[in-house]
Structures are given as C-alpha cells and as structure tokens.
Amino acid sequence: METRGIEQMFDFQRLPNDGFILLLLLLYSPIGLCLMLLRIFIGVHVFLVSCALPDSLVRRFIVRIMCSVLGLHVRQNSPRLRDKTARLYVCNHVTHFDHNIINLLTSCNTPLLEGPVGFLCWARGYMELGQGTGSRTELTETLRRYCSSPGALPLLLFPEEDTTNGRAGLLKFSSWPFSVSDSIQPVALRVKRPFIAVNTPESSWLMELLWTFFVPFTVYHVRWLPSITREDGESHQEFARKVQELLATELGVTSTQITKADKAEHIKRRRHTVPQTAHSSKHGLDDLGARPRTVAQGFLGTNAGGEDSRVSRMAQQVKEVLPDVPISVITRDLLQTNCVDTTITNLLEHTDQFHSEAAAGTASGLAKPTAPSPLSATASPPTAKPADKYFGKTPVDRHMSLQERKDALYEYARRRYIEKHGLKKDDDL
C-alpha cells in the first residue's frame, strides 16, 4: 500500500481539522475537564469493585454499568453467535482497552506480549505468561498448552499486534496466533467517539485513558462471527489470511499487507522528516548553522544506539562525497532531512559558506594549513567567471556564478560516487 494508504489507517493528529468541530470541542473543554476529574474518582471505585467481586455474570454486569458512567458504552451484536466452546477469540485491534471491553461480555484472558509485568500487568487486565516465552515459538507452545488445559478460560488474541483507527484497513495478521488452535471465533470491533480520534500511534495507554474520560462517550460495537476451523492441508499463513479477509469484509475496510514493523518505520519517518514547504520557504536564505532545533533533533538527541549509528553512517556517506564539509554540519542537516541525497543537495548550495568559514579559521590561527582538496580544485574550473572572486553587480551575474559553482560541485560529487561504487558513466544516480 502506498504511503497515503498508511496515513489513512492511523490518526496522527488528535484534534479535528474541521473548524466547526474544533470550536465545539473548545466550548466543551471546561465540561470535559470536570468530567475527567469526576471519572478518575469513579474509575478507582470501578477498579476496586472488579477486584473484590469474583469473575461471574454478576460482576460483568455491574462493571459494565459502572463503565457506562465512565463513558465506555458497549454494544453487542449477534450475541447468540458467540461460541461457548471456543478456546480462542481473534479480534481486530483499535484501542488499548479492547481486551477489557471483550471481557465485559465474556470471560477471557489476553496475554501481555510487550510491556511491564507484575501489578501493572494484572491491573490492566492482562494475563502474565511468566518465564520461557521469549520467542514466538515458545509463546505459541505456552498458549497451546494453556488452551488444552481443562477449565481454562478462552484466549483473546490480536493478530495485528498493534492498533489502527479501524476505519481504513487491517494490518497484516501474524500467523502465530492461528497455530495456537485449529478452531477460532473471529470478533469484529468498531470504536466511535465524538470530537477527537480514538487513538494516536505514539500515545501511551494512560494518556488514552485520560482522553477517554474527557470525551462525552466512547462506543464499542462488538460483533461475533461464526467459528472457523482450519482445513486439512491449510497452512497457518493461509488460515490467517482467510480470517483477515473475513474480518475486513465484515468491517468494510481493506485487508492490507502492512505489518506492525511497517507502522513503526512510518512513524519514525514522519518524526524525522521536515515538511518540504518549510524547507522551500527558507531556500537560499537559511543559515545552516542557525537552523532551529526540531522535534527530530530532540528525539535523536535522547536516543542512543540505533538512531545515532544510523545517522553516523549516513553522515559518513555524505562525507565521502563532500570531504570539505564539517561532519557536524552534515549531521545537523541530516537530522533535518533524514535523507543523504537531500543533504548533499543542501550542502552543495551552501558550499561558499563552508569555504569562507575555513578561510576565517585559518586566518585566526585556529585551523592548521592543509593542502587544497580535490573538491576546491574541481569546483573552480578554468572557465569560471570573475564573479567567483567578487560579488556580482547584478542579480543575473550573481545567479549565474552560483549556478556554475553548484554545477561544478555536483559534477565532482557525481564522479566520486561513480568511481567509489564502480558504476558506468551513463548510469543515473
């Protein structure tokens, strides 16, 4: 799916774009804040009641009524289709509280695959698996043994392994949940709420809970689908694909091949990429040494390891093409663009600045004299106009002089890249 398809599957902005709805949200905000504080107080009592009462139909009924006061309204469609003998439920994933909502309708356990274990895991309604579940194979074997245990509650799994907005498409189903049991019951889940998005990709479960208390209500529509059994000779991948297509058809969305890893990569790309409009507005006027600190810089500055090493590798690639440019300037621009080609283009446009800085450093005794590099020799061809040595009198002269220097530097960078990678002369870069 194209990038815009991924964009449609997730709400990266919490607040609405519509001006009228935004105005209504602004007018509602004082009520929402008071409602949130009141619901936090009530939510503590809901938690205590759910802990005190044993798991039964009575507890689920009481907790469901109390959750309605918290703004969590659950609507169940076709409850007669729920298979009481099913050992595994499979559901699409929309919010951090999907397993709690399903648990209000029927008793089931959802294993915690990622996150802290202990009290927080238990308080959020997850089942702690314990030791020996590091790999997917070990996890599958543990859950298979659990399902085969007599008297064990059914399992609720989310094959998408991450949330979407539930409106555009389903993430690709992982195959390992379908190796736990040969018979599963699909559950289709829709979530709707006024004013704001039901979730955002980088929001924590605690923040999502506060937003849930803030809005007037959040409606969960749960539909039970008939149980499906894996056919003889059908692989787990084919079984997962069949169930994904069935749920996508029921929800009226697209069955995609986008995975949880693709979502994480897209979020990372959005976090580091600067809008092209902002960059274009500064073209020719922006000082590379005085660019404002962006969100990308702040994020990379707080993440050691993978991100720093990736930026360092990209900086070395740019340094091989433009050896005269300081590595600090290259890194600073990469944090803005997150692209080697774009950074090379930006630096070629500001090469005069680096040469003037180097000359100033040599004159003040702060820089050691070095031999002229091939870049400076190539960047000033014998046919260059005198405008390279002084400021042109007319805008046309200044533009032509700059364009000639840029062309010469780009040609030199192109030759170095071709020689380094052993490409042919007529290959496109």
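In the predicted model, Gln244 is a buried residue, its relative accessible area being 3%. Gln244 belongs to helix α8, which spans residues 236–251. When neighbours within four places in sequence are set aside, the contacts of Gln244 are Leu170, Leu171, Lys172, Phe173, Ser255 and Thr256.

Of its 429 residues, 38% are buried. The accessible surface amounts to about 23,600 Å², and carbon and sulfur atoms contribute 59% of this area. The secondary structure consists of 17 helices and eight strands. Among contacts with a separation of 6 or more, 74% are made by residues 24 or more positions apart.

Helix α2 comprises residues 19–52 and contains Leu26. In contrast to the buried Gln244, Leu26 is exposed, because its relative accessible area of 59% lies over the 50% cut-off. Leu26 takes part in a nonpolar surface patch of about 590 Å², together with Phe20, Ile21, Leu23, Leu24 and Leu27.

Helix α2 also packs against helix α3, which covers residues 57–69; the axes of the two helices come within 10 Å and cross at roughly 175 degrees. Since an angle over 145 degrees counts as roughly antiparallel, α2 and α3 are therefore assigned a roughly antiparallel arrangement. On the α2 side, the residues that meet α3 are Arg39, Ile42, His45, Val46, Val49 and Ser50. Their counterparts in α3 are Arg59, Ile62, Val63, Met66, Cys67 and Val69.

Methods
Residues are numbered from 1 along each chain as its sequence is written. This is a predicted model: local features need pLDDT of at least 70, side-chain atom pairs count only at pLDDT 80 or more; totals for chains, interfaces and linings use all residues. Side-chain values use heavy atoms; hydrogens and water are left out. Patches are made of residues with over 30% relative accessible area and no salt bridge: like charges are joined within 9 Å, nonpolar side chains (Val, Leu, Ile, Met, Phe, Trp, Tyr) within 5 Å. Accessible areas come from the Shrake-Rupley method with a 1.4 Å probe; for residues, only the protein chains shown count as cover. A salt bridge is a side-chain nitrogen of Lys or Arg within 4 Å of a carboxyl oxygen of Asp or Glu. Helices (H or I, at least four residues) and strands (E, at least two) are DSSP runs, numbered from the N terminus. Buried means under 20% relative accessible area, exposed over 50%, partly exposed in between (1.4 Å probe, protein chains only). Axes are lines fitted to C-alpha atoms, for helices over the stretch in contact, and angles run from 0 to 180 degrees between N-to-C directions. Angles under 35 degrees count as roughly parallel, over 145 as roughly antiparallel, 65 to 115 as roughly perpendicular and the rest as oblique. Contact means heavy atoms within 4.5 Å.
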